[in-house]
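Sequence and model go here, and my notes follow.

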Amino acid sequence: MMANVAKAKTRTFTQKARRAQIVQAAIETLAESGYAKASFTRISQQAKLSSTGMISYHFSGKPELFAEVADTVIRQAQELTAARIADETTHRGRLSAYIAARFDFITRHPLRARALMEIVRMVRDGQIAGLDDVEDRVTSVDTLVELLEQGRAEGEFGTFDCPIMALALQGAIDNVLRHHPCGTSNELQRAAQELVEMFDRCTRPT
């Protein structure tokens, strides 16, 4: 890990730009063709590279490339969520913002969301090694648990088990998105609002 960090710091601007180009092509290929067809040949064609050797120069193999794809998408989703939460002044508002941000990211970046879903599916199906932490990061409810605990401590939420409530909310979001993977912006916004109202009721103090 430390070696990878050191290598990242020494990359030139051109190298970083090429890696970003390849990552974007991998995102598009995964989203449009699925992980079974996301070969280096298809990715290089998507990136308009002269050969697959250019991918191999920057990435040791699919695990490293897809790990960077996952890192990129997860980081962007987390940044969007953090920004939406930071705009709120109450914990109830932050909970609503968290839910809305998940759907907002899908609406703004459907290809990135589908690519990440393909990587998680790849890990679950045992099609790739070394990416076990990706699913853990995607399904993590740590941020939600912390938000709920803080809100409960300040009296904005009722008495409930915060980890269980976080798992219930995360499961609801994931299942709605799983059943509406290609939903329109209006459909996703309506779904987000339904969940916001539902969990607002579930978490109110009694």
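**Helix pair α5 and α6**

I started with helix α5 (residues 62-86) and helix α6 (residues 91-108), which pack at an angle of about 140° with their axes 8 Å apart. Helices here are DSSP runs of H or I with at least four residues, strands are E runs of at least two, and both are numbered from the N terminus. The axes are lines fitted to C-alpha atoms, for helices over the stretch in contact, and angles run from 0 to 180 degrees between N-to-C directions.

I note that α5 and α6 are therefore oblique to each other. The cut-offs: under 35 degrees is roughly parallel, over 145 roughly antiparallel, 65 to 115 roughly perpendicular, and the rest oblique. I also looked up the handedness, and the crossing of α5 and α6 is right-handed. That term applies if the near helix is turned clockwise from the far one by less than a right angle, and left-handed if anticlockwise.

Which residues of α5 meet α6? On the α5 side I listed V73, Q76, A77, L80, T81, R84 and I85, and on the α6 side R94, A97, Y98, A100, A101, D104, F105 and R108. By class, that contact of α5 with α6 has nine nonpolar, two polar and four charged residues. Contact means heavy atoms within 4.5 Å. For the classes, Ala, Val, Leu, Ile, Met, Phe, Trp, Tyr, Cys and Pro are nonpolar, Asp, Glu, Lys and Arg are charged, and the others, Gly among them, are polar.

**Provenance**

This is a predicted model, so I kept its rules in mind: local features need pLDDT of at least 70, side-chain atom pairs count only at pLDDT 80 or more, and totals for chains, interfaces and linings use all residues. Numbering runs from 1 along each chain as its sequence is written, and side-chain values use heavy atoms, leaving out hydrogens and water.

**On to α7**

Next I followed α6 to helix α7 (residues 110-124): their axes come within 5 Å and cross at roughly 105°. That makes α6 and α7 roughly perpendicular to each other. F105, I106, T107 and R108 in α6 meet P110, R112 and A113 in α7. I get four nonpolar, one polar and two charged residues for this contact of α6 with α7.

**Single residues**

Is S44 buried or exposed? S44 counts as buried because its relative accessibility is 5%; buried is under 20% relative accessible area, exposed over 50%, and partly exposed in between (1.4 Å probe, protein chains only). S44 lies in helix α3 (residues 40-46). Leaving aside residues up to four places away in sequence, S44 touches L49, S51, T52 and I55.

K48 sits in the loop between α3 and α4 (53-58). K48 counts as exposed, at 73% relative accessibility. I flagged its phi, near 60°, as a positive value in a residue other than glycine.

G61 is in the loop between α4 and α5 and counts as buried at 14% relative accessibility.

**Aromatics**

I found one aromatic pair in the structure. The rings of F157 and F160 have centres 6.3 Å apart and planes at 50°, so the pair is tilted. Rings of Phe, Tyr and Trp (its six-membered ring) pair if their centres lie within 6.5 Å; planes under 30 degrees apart are stacked, over 60 edge-to-face, the rest tilted. Both F157 and F160 are buried.

**Whole chain**

I finished with the overall tally: eleven helices and zero strands. Of the 206 residues, 40% count as buried. The C-alpha trace spans about 65 × 35 × 30 Å along its principal axes.
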